[in-house]
Amino acid sequence: MTKPLTRQQQWRRKNPHRYLAHLYVQAAKRIGILTPRPCQTCGAEAEAHHPDYNKPGDVQWLCRKHHRQLHARGGHGA
């Protein structure tokens, strides 16, 4: 009997292009290609937002609050 997939595993299978974009950012930060910057809106510590998942290195830096607000308004990646 196989073990059911976790929610995270289900998301990764359903959204491979998004998952690969996230992996790209993690690797780029680790090797120094991308350097995290403060939130573009408020200057707080930020995380990467992909306006277009087909361009994984093209990110906006937004704090968690402003990132969630952007997604709530429908500003998610393509």
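**Loop, core and helices**

Analyst: T41 is located in the loop between α2 and β1. Helices (H or I, at least four residues) and strands (E, at least two) are DSSP runs, numbered from the N terminus. The model is predicted, so local features need pLDDT of at least 70 and side-chain atom pairs count only at pLDDT 80 or more, while totals for chains, interfaces and linings use all residues. Residues are numbered from 1 along each chain as its sequence is written, and side-chain values use heavy atoms, with hydrogens and water left out.

User: Is T41 buried or exposed?

Analyst: T41 counts as exposed because its relative accessibility is 53%. The classes rest on relative accessible area: buried is under 20%, exposed is over 50%, and partly exposed is in between, with a 1.4 Å probe and protein chains only.

User: And what does T41 touch?

Analyst: Not counting residues up to four places away in sequence, T41 touches L62 and H66; contact means heavy atoms within 4.5 Å. Its C-alpha atom is 9.8 Å from that of H67, a residue 26 places away in sequence.

User: Where does Q40 lie?

Analyst: Q40 is also in the loop between α2 and β1, and at 52% relative accessibility it counts as exposed. Leaving aside neighbours within four places in sequence, Q40 is in contact with Q60, W61 and L62. Between Q40 and L62 the C-alpha distance is 5.8 Å, across 22 residues of sequence.

User: What else does W61 touch?

Analyst: Besides Q40, the contacts of W61 include K29, T35, P36, R37, P38 and C39, as well as A46, E47 and A48, with residues up to four places away in sequence not counted.

User: Which residues make up the largest nonpolar core?

Analyst: That core has 11 residues in all: V25, A28, L34, C39, A46, A48, V59, W61, L62, C63 and L70. A nonpolar core is a set of buried Ala, Val, Leu, Ile, Met, Phe, Trp, Tyr and Cys residues joined through side-chain atoms within 4.5 Å. At least two residues of this core come from each of α2 and β2 (60–62).

User: Turning to α3, which of its residues are buried?

Analyst: They are H66, H67 and L70. These residues cover an arc of only 105° around the axis, so they lie on the same side of α3; the arc is that of the directions from the helix axis to the C-beta atoms. The buried residues of α3 pack against β1 (47–49) and β2.

User: Which exposed residues does the face turned away from the buried side of α3 carry?

Analyst: That face carries K65, R68 and A72. Just after α3, G74 takes a positive phi of about 90°.

User: Why does H66 count as buried?

Analyst: H66 counts as buried because its relative accessibility is 14%. H66 belongs to helix α3 (residues 64–72) and touches C39, T41 and C42, not counting residues up to four places away in sequence.

User: Which residues of α1 and α2 meet?

Analyst: W11, R12, R13 and K14 of α1 meet P16, R18, Y19 and H22 of α2. By class, this contact has three nonpolar, one polar and four charged residues. Ala, Val, Leu, Ile, Met, Phe, Trp, Tyr, Cys and Pro count as nonpolar, Asp, Glu, Lys and Arg as charged, and the others, Gly among them, as polar. R12 counts as partly exposed because its relative accessibility is 30%, and P16 is likewise partly exposed, at 43%.

User: Finally, how many helices and strands does the protein have?

Analyst: It has three helices and two strands, which run α-α-β-β-α from the N terminus on. Buried residues make up 26% of its 78 residues. The C-alpha atoms fill a box of roughly 50 × 30 × 20 Å along the principal axes. Among contacts between residues at least 6 apart in sequence, 41% join residues at least 24 apart.
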